[in-house]
Amino acid sequence: MLRIDIITIFPGMFSAVLGESILKRAQEKKLVDFRVHDLREFSKDPHRKVDDRPFGGGPGMVMTPQPLVDAVRKVRGRRKAHVIYMCPGGAPLTQKRARELAVKRNLIILCGHYEGIDERVREMVVDESISIGDYVLTGGEVPAMVVADCVARLVPGVVGKGESLEEESFEGGLLEYPHYTRPANFCGKRVPPVLLSGNHQAVKKWRMAQSVERTQKMRPDLLDKSAGCGARSG
Ligand code: 9WO
């Protein structure tokens, strides 16, 4: 079972995301074990401080190394764990990287705040920094939820039919085709007739063409990549 530990100064932020829907069911089915830890519990400061002023001056505060390093060491225990720091300057999160993370047994995700973390935390306990995009948020918690979600859903059994996983965007290097369901005519907008034809070959061909067209329009960069490994859509 994949265990994901999240170390944060705002543990309450995770209750809704991990307590609903697929991620909740994944825990009930004992497929994934999420554990959220309050960083302040690991501070040796009498006031449970986890930040201090930056050496060399400058604005804001920096997260002190002791609580973070001790939290990782305590949470990790004797387990072999991969420690991730959520940071705009990290390696971009991709579906490929999510797949690689999903086969690990233990992930520990650190959520930063203020101006960031003391550099010695990276040197001592962080294995990898990951970014979910080129923008700066108020903290690492939302990015940590994104990583937890996209990794957990790849654990076998978490998402219903294995089939739907394979057809997901990015898996085959193409964007997903358009989806339609009842009613066949909604506000005068009709479902493409091929989808009502019962001709599975024709449907598959139409969907592939739609995926390629959408990818060309929205994400031509994916086509360059997938051209190298044989593009396939869902
Ligand atoms: C902020 C930042 C800005 C530009 C280049 C590198 C940077 N690193 C950080 C940083 O570590 N910020 C800390 C975590 C403190 C401020 C809130 N934090 C944060 C993480 N904001 N946004 C992210 C984040 C993480 C992953 N993907 C996108 C954004």
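Predicted model: local features only at pLDDT ≥ 70, side-chain atom pairs only at ≥ 80, totals over all residues.
The chain has 234 residues, and 41% of them are buried. Taken along the principal axes, the box filled by the C-alpha atoms is roughly 70 × 40 × 40 Å.

The ligand is located in the second largest pocket. Two elements each give two or more residues to the shell around the ligand: β5 (82–92) and β7 (128–131). With five residues, β5 gives the most to this shell.

The shell can also be described by residue class. Around the ligand there are 11 nonpolar residues, eight polar residues and one charged residue. The residues around the ligand number 20, and those that come nearest are Y85, Y114, I132, Y135 and L137.

| Residue | Protein atom | Ligand atom | Distance |
|---|---|---|---|
| Y85 | N or O atom in the side chain | oxygen | 2.7 Å |
| I132 | backbone N or O atom | nitrogen | 2.9 Å |
| L137 | polar backbone atom | nitrogen | 2.8 Å |

In the table, Y85 is listed with a side-chain atom, while I132 is listed with a backbone atom, and L137 is also listed with a backbone atom. As for the surface of the ligand, taken alone the ligand exposes 590 Å², and the protein buries 79% of that area.

Note on methods:
Residues numbered from 1 in each chain as written. Heavy atoms only, no water. Near = heavy atom within 4 Å. Polar contact = N/O pair within 3.5 Å; in protein donor to acceptor, adjacent residues only side chain to side chain. Areas by Shrake-Rupley, 256 points an atom, 1.4 Å probe, with all protein chains shown as cover. 1 Å grid on protein atoms, 1.4 Å probe; cavity = no way out; pocket = protein on both sides within 12 Å on 5 of 7 lines; lining within 4 Å. Sits in = over half its atoms within 2 Å of the grid points. Helix = DSSP H or I, 4+ residues; strand = E, 2+ residues; numbered from the N terminus. Nonpolar A, V, L, I, M, F, W, Y, C, P; charged D, E, K, R; others polar. Buried < 20%, exposed > 50% of the residue type's maximum accessible area, 1.4 Å probe, protein only.
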